[in-house]
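User: Could you walk me through how to read this model, one feature at a time?

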Amino acid sequence: MADTLFTLEATIAARRGGDPATSYVARLLMRGRPKIAQKLGEEAVETVIAAMRGDKAEVIGEAADLLFHLAVLLAEMEIPLADVLAELDRREGTSGIAEKAARAVT
Ligand SMILES: N=c1c2ncn([C@@H]3O[C@H](COP(=O)(O)OP(=O)(O)OP(=O)(O)O)[C@@H](O)[C@H]3O)c2ncn1[C@@H]1O[C@H](COP(=O)(O)O)[C@@H](O)[C@H]1O
């Protein structure tokens with residue numbers, strides 16, 4: 001999965017400044033952060049709706065749209081995907097329950 005996302009990250013970077021008539025990524029980057037954030041939100045909602053329907057094939061498609069638009073948002077904000085993966089690595093082994101309990105006492 002990480003390889004796929006790193007390839008996508010490189011493709012998105014290469015599209016920066018490209019022709020919005022032929023590249024969806026170039027068009028989205030040109031429209032700016034609010035539009036990218038809106039698309040990310042829409043894809044999140046569509047993923048939730050598909051999940052509530054229990055349609056796994058639809059969830060796979062919507063989840064791919066969601067990850068793609070998240071990758072575009074990270075690119076627009078110049079946040080390397082590696083930074084997000086490093087944060088997940090940092091969290092590895094820390095239970096969400098334990099982490100939340102620790103937050104509650106501070
Ligand atoms: N993974 C994707 C990918 N996933 C989804 N999409 C597009 O995301 C769009 C989302 O669908 P919508 O109907 O919501 O989009 P829309 O109608 O244009 O949205 P509005 O702007 O009208 O709100 C569709 O046009 C999809 O084709 C993607 N477009 C591109 N990629 C990757 O990005 C690469 C570069 O794409 P281009 O920049 O288009 O060359 C491609 O080779 C792919 O690897």
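User: Which residues in H2 are buried?

Analyst: A residue is buried if 20 or more other C-beta atoms, placed from the backbone, lie within 10 Å of its own, exposed if 12 or fewer, and partly exposed in between. Helices are DSSP runs (H or I, at least four residues), numbered from the N terminus. In H2, Val 25, Leu 28 and Leu 29 are buried. Down the axis of H2, the buried residues fall within an arc of 100°, so they line one face of the helix; the arc is that of the directions from the helix axis to the C-beta atoms. In general, an α-helix has 3.6 residues a turn, so residues three or four places apart point the same way.

This is a predicted model: local features need pLDDT of at least 70, side-chain atom pairs count only at pLDDT 80 or more, and totals for chains, interfaces and linings use all residues. Residues are numbered from 1 along each chain as its sequence is written.

User: What do the buried residues of H2 pack against?

Analyst: Contact here is counted between C-beta atoms, placed from the backbone, within 7 Å. The buried residues of H2 pack against H1, helix H3 (33–53) and H4. Leu 29, for one, touches Arg 16, Val 72 and Glu 76, leaving out residues up to four places away in sequence.

User: Which residues make up the largest nonpolar core?

Analyst: In soluble globular proteins, nonpolar side chains tend to be buried together. A nonpolar core is a set of buried Ala, Val, Leu, Ile, Met, Phe, Trp, Tyr and Cys residues joined through C-beta atoms within 7 Å. The largest one has eight residues: Ile 12, Val 25, Leu 28, Leu 29, Ile 36, Ala 71, Val 72 and Ala 75. H2 and H4 are the elements that give two or more residues to this core.

User: And H5: how many of its residues are buried?

Analyst: The number is zero of the 11 residues in helix H5 (residues 81–91), so this helix lies largely in the open. Ala 82, in H5, counts as partly exposed, with 13 C-beta neighbours inside 10 Å. Ala 82 and Phe 6 are 76 residues apart in sequence and 8.4 Å apart in space, C-alpha to C-alpha.

Definitions and conventions. Two residues are in contact if their C-beta atoms, placed from the backbone, lie within 7 Å.
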